[in-house]
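Hi everyone, and thanks for making time today. I'd like to walk you through a structure that may be new to you, so let's bring it up on the screen.

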Amino acid sequence: MQPTLQAPLWQLLQAAAQVAQAVQTGRSMTAAIEAVPKDLRPGAQALSFQSMRWWGRAVALRKCLARKAPPAQADALLCTALALSWQDELAPYPVHTLVNQAVEAARRHKDMRAQAPFINACLRRFLREREALLAQTEADITAQWNHPTWWVKRLQNDHPQKWQDILQAAQSAAPMTLRVNAKHHNAQAYLQILDAQGIAAKAVGEVGVQLTKAVPVHQLPGFLEGHVSVQDAAAQLAAPLLLKGLQKSEDQALRLLDACAAPGGKTGHLLEFDPTAQVLALDVDPVRCERIQQNLDRLKVHAQIIAADAADTFDWWDGQSFDGILLDAPCTASGIGRRHPDVRWLRRETDVPQLAAIQHKLLKALWPLVKPGGRLLYCTCSVFKAEGETQIQTFVQHNTDALILPSPGHLTPSGATSDASLRDNGMGEHDGFYYALLEKRST
């Protein structure tokens, strides 16, 4: 499907190459796209997402065409063009058009003009020798799977039966899934509202709706009034997993902590599930705390929001223990590659143990704050076991008062329900997640 042209293709390719170069320097694609002029942003975003999905193949092809990389800007443009045109059926435009416009993009850029003949020569050779060049890249694991080699090997070790499915899932766009606010509608009623607006969708999970085709949020009926929120089907499991079965006295509201709350999607769901709960939402970033507030204002619910590091309990804790804690811990985000294809190129192998150490620190700091009989739900949007199963098994070995309750464990990116016990309408397509529900044994 071609991006809607709001500018010449060469200009969109310049912008997409600018985004790619930013990712290569460690900047997130989301932030880089926000820096693109508004009139170029939609087209540049579509090209950027596709090029990031096939970046491994593109870099391998560029190495075949030129062993020495050109200057960074020209290299980003050349690899962007290769990522978009390496296979005819995946190309957003005819391959010859992409090649011509990539050369034009170089010619029209003052800092790449001198590299235009080089880019032209590489891309023309690619057109002439495409099959032979592709054959040369087949032995390259990063080119074959479009993920860093260390990432592929970790998945092979962690998920020997599913690693190929996980990698292949990351190559397609994720669906747009909504969480219906039960205060206003159930999922079936909202489906009828969508149908009246000509928006095709199906029910997923307990309160979810998956759209056949994504639409801007302002086109969603009742979005501004808080009737629905955008949230992946796997993420929608957090609130009910923590709250279902949690003991609650008739005369006292549940005291809950959302420890790493931004942007506030799960915080809002906790309050939709139990509007009487007293919720404290933390995030280390004050700017992201503002985002939490905006989301809660739209839903017309209230939580106390504090900008603080959840691990530094002396800075924010008032000494009262919690009935339930939701710890959506910082992680590699290895489970959301469909939504953020740049993550695989931003992460380094050393990030996994470093983030696992942060997760351990948070668990150690927050567990003492759980009441006896209370619960802590640990989750990450990661498919790496170091951030999921291994982390929790190590934790319970050192905390004998922690009992693992029935939990989904690792949910790998899927178009089918991962666990029969979670079936309702089925989860639909969902991201990769890990969930472990811990209950503190009464002493």
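Let's start with helix α4, where W55, G56, R57, A58, A60, L61, R62 and L65 are buried. One thing to keep in mind as we go is that this is a predicted model. Helix α4 runs over residues 55–65, and eight of its eleven residues are buried, so the helix is largely enclosed by the rest of the structure.

What covers those buried residues? The cover includes α1 (9–24), α3 (41–53), α5 (72–85), α7 (116–137), α8 (141–145) and α15 (343–346).

Let's take one of those neighbours, α5. Helices α4 and α5 pack at an angle of about 115°, and their axes are 8 Å apart. The crossing of α4 past α5 is right-handed. On the α4 side, the contact is made by W55, A58, V59, L61, R62 and L65. On the α5 side, you'll find D75, A76, L78, C79, T80, L82 and A83.

Let's zoom in on A83, which lies in helix α5. Is A83 buried or exposed? Its relative accessibility is 1%, so A83 counts as buried, the cut-off being under 20%. Leaving out residues up to four places away in sequence, A83 touches S51, W54 and A58. There's also Q50, which is 33 residues from A83 in sequence, while their C-alpha atoms are 7.6 Å apart in space.

A pair of aromatic rings is described by the distance of the centres and the angle of the planes. The count here comes to eight aromatic pairs. In one of them, the rings of W54 and W86 have centres 5.3 Å apart and planes at 50°, so this pair is tilted. Where do the two partners sit in the chain? W54 is in the loop between α3 and α4, W86 is in the loop between α5 and α6 (95–107), and the two are 32 residues apart, so to speak linking distant parts of the chain. Both W54 and W86 are buried.

Now for another pair, W151 and F384. Their ring centres are 5.2 Å apart and their planes are at 70°, so this one is edge-to-face. This pair also links distant parts of the chain, with W151 in helix α9 (residues 149–158) and F384 in the loop between β9 (370–380) and α17 (389–398), 233 residues apart. W151 is buried, with a relative accessible area of 3%, and F384 is buried too, at 0%. Ring pairs join W150, W151 and F384 into a cluster.

The charged end of R255 sits over the ring of F322, 4.3 Å from the ring centre. Likewise, the charged end of R298 sits over the ring of F223, at 4.1 Å from its centre.

My last stop is I404, in strand β10 (residues 402–411). I404 is partly exposed, with a relative accessible area of 34%. Which residues does I404 touch, not counting those up to four places away in sequence? They are I392, Q393, V396, L437 and L438. Of these, I392 is twelve residues from I404 in sequence and 8.8 Å away in space, C-alpha to C-alpha.

Key. Residues numbered from 1 in each chain as written. Predicted model: local features only at pLDDT ≥ 70, side-chain atom pairs only at ≥ 80, totals over all residues. Heavy atoms only, no water. Buried < 20%, exposed > 50% of the residue type's maximum accessible area, 1.4 Å probe, protein only. Helix = DSSP H or I, 4+ residues; strand = E, 2+ residues; numbered from the N terminus. Contact = heavy atoms within 4.5 Å. Phe/Tyr/Trp six-rings, centres within 6.5 Å; stacked < 30°, edge-to-face > 60°. Lys NZ or Arg CZ within 6 Å of the ring centre and 35° of its normal. Axes fitted to C-alpha atoms, helices over the stretch in contact; angles between N-to-C directions. Left-handed = near helix turned anticlockwise from the far one by under 90°.
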